[in-house]
Structures are given as C-alpha cells and as structure tokens.
Amino acid sequence: MAFKFSTEVRRRQCVVGSLKSILDGGTLKIYSGPVPGSADSALGGSNTLLCEIEGLTFESAASDATLTKSLNQVWAANNIASGTATFF
C-alpha cells in the first residue's frame with residue numbers, strides 16, 4: 001500500500017518537520033469505496049465512513065523509520081458503518 005500525503009501535510013512537514021508532531025492527537029478515518037486519485041481529492045458519493053479512531057499518539061522513537069502506536073495508549077474505535085475498508 002502506498003501512502004498519499006495531502007498538500008497540507010507536506011506543507012506542515014516543511015515547517016514543523018515531524019510527521020509524528022503532525023499526526024499526534026489526530027483522528028484516523030477509515031473508508032470504503034473507490035480510493036480517491038490523490039489525498040487532496042474530494043470523497044465521492046459512494047465513499048462511506050466506516051470507523052474513526054481519535055486521539056492518536058505515537059512513540060517518540062521511530063525505529064526503522066516507522067511510527068508505532070504509543071504503548072501506553074489504547075486506541076478505541078467509533079464504528080459508524082459496516083463494509084470493506086479500502087483506504088484511510
């Protein structure tokens with residue numbers, strides 16, 4: 001799976017410099033339906049929000065250049081709809 005970063009995330013990386021600082025405290029939204037052409041593209045009418053995970057926190061160290069979930073945090077999901085997840 002390839003990651004597609006929005007123009008805003010890339011802009012913030014230029015200023016803030018840390019993907020961790022941008023994502024900490026954020027919300028992960030999981031959708032079904034066709035994957036948009038870019039991270040800046042609008043969602044289509046056939047995309048459905050399946051789940052939201054709020055208040056994400058990541059570990060300070062990124063071994064192998066990988067962000068990992070903070071070990072002290074339990075990520076709880078708010079399931080909104082059923083379906084097959086295709087992108088987040």
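1. A word on terms before we start: helices and strands here are DSSP runs, at least four residues long for a helix and at least two for a strand, numbered from the N terminus. With that in hand, the order of elements in this chain, read from the N terminus, is α-α-β-β-β. That makes two helices and three strands. Please keep in mind that you are looking at a predicted model.

2. On overall dimensions, the C-alpha trace spans about 35 × 30 × 20 Å along its principal axes. The chain has 88 residues, and 19% of them count as buried.

3. The largest pocket deserves a look in your viewer. It holds about 1100 Å³ of space. The lining has 29 residues, and Phe-3, Lys-4, Phe-5, Leu-28 and Phe-88 are the closest to the pocket's centre. Helix H2 (19–23) and strand S1 (27–32) each supply at least two of the lining residues, and S1 gives the most, with four.

4. Phe-88 belongs to the segment after strand S3 (77–79). Its relative accessible area is 48%, so Phe-88 is classed as partly exposed.

5. How many salt bridges does a search of the whole structure find? The search finds four. In one of them, the side chains of Arg-12 and Glu-8 meet at 4.0 Å, N to O. Both residues lie in helix H1 (residues 7–15), four residues apart, which is about one turn of the helix. Arg-12 is partly exposed at 36% relative accessibility, and Glu-8 is partly exposed at 38%. Glu-8, Arg-11 and Arg-12 are also linked in a network of salt bridges.

6. Another salt bridge joins the side chains of Asp-24 and Lys-20, at 2.3 Å from N to O. Asp-24 has a relative accessibility of 27% and therefore counts as partly exposed.

7. Glu-52 pairs with Lys-29 in a salt bridge whose closest N and O atoms are 3.8 Å apart. This pair links distant parts of the chain, with Glu-52 in strand S2 and Lys-29 in strand S1, 23 residues apart. Is Glu-52 buried or exposed? Glu-52 counts as buried because its relative accessibility is 16%, and buried means under 20%.

8. At 22% relative accessibility, Leu-49 counts as partly exposed. Leu-49 and Pro-34 are 15 residues apart in sequence, and their C-alpha atoms are 12 Å apart in space.

9. Last, two alanines in the loop between S2 and S3. Ala-65 sits in this loop and has a phi near 60°, a positive value in a residue other than glycine. With a relative accessibility of 75%, Ala-65 counts as exposed. Ala-76 is found in the loop between S2 and S3 as well, and at 55% relative accessibility Ala-76 is exposed too. From Ala-76 to Gly-33, the separation is 43 residues in sequence and 23 Å in space, C-alpha to C-alpha.

Notes
Residues numbered from 1 in each chain as written. Predicted model: local features only at pLDDT ≥ 70, side-chain atom pairs only at ≥ 80, totals over all residues. Heavy atoms only, no water. Buried < 20%, exposed > 50% of the residue type's maximum accessible area, 1.4 Å probe, protein only. 1 Å grid on protein atoms, 1.4 Å probe; cavity = no way out; pocket = protein on both sides within 12 Å on 5 of 7 lines; lining within 4 Å. Points joined across faces, edges and corners; volume = space filled by probe spheres on them.
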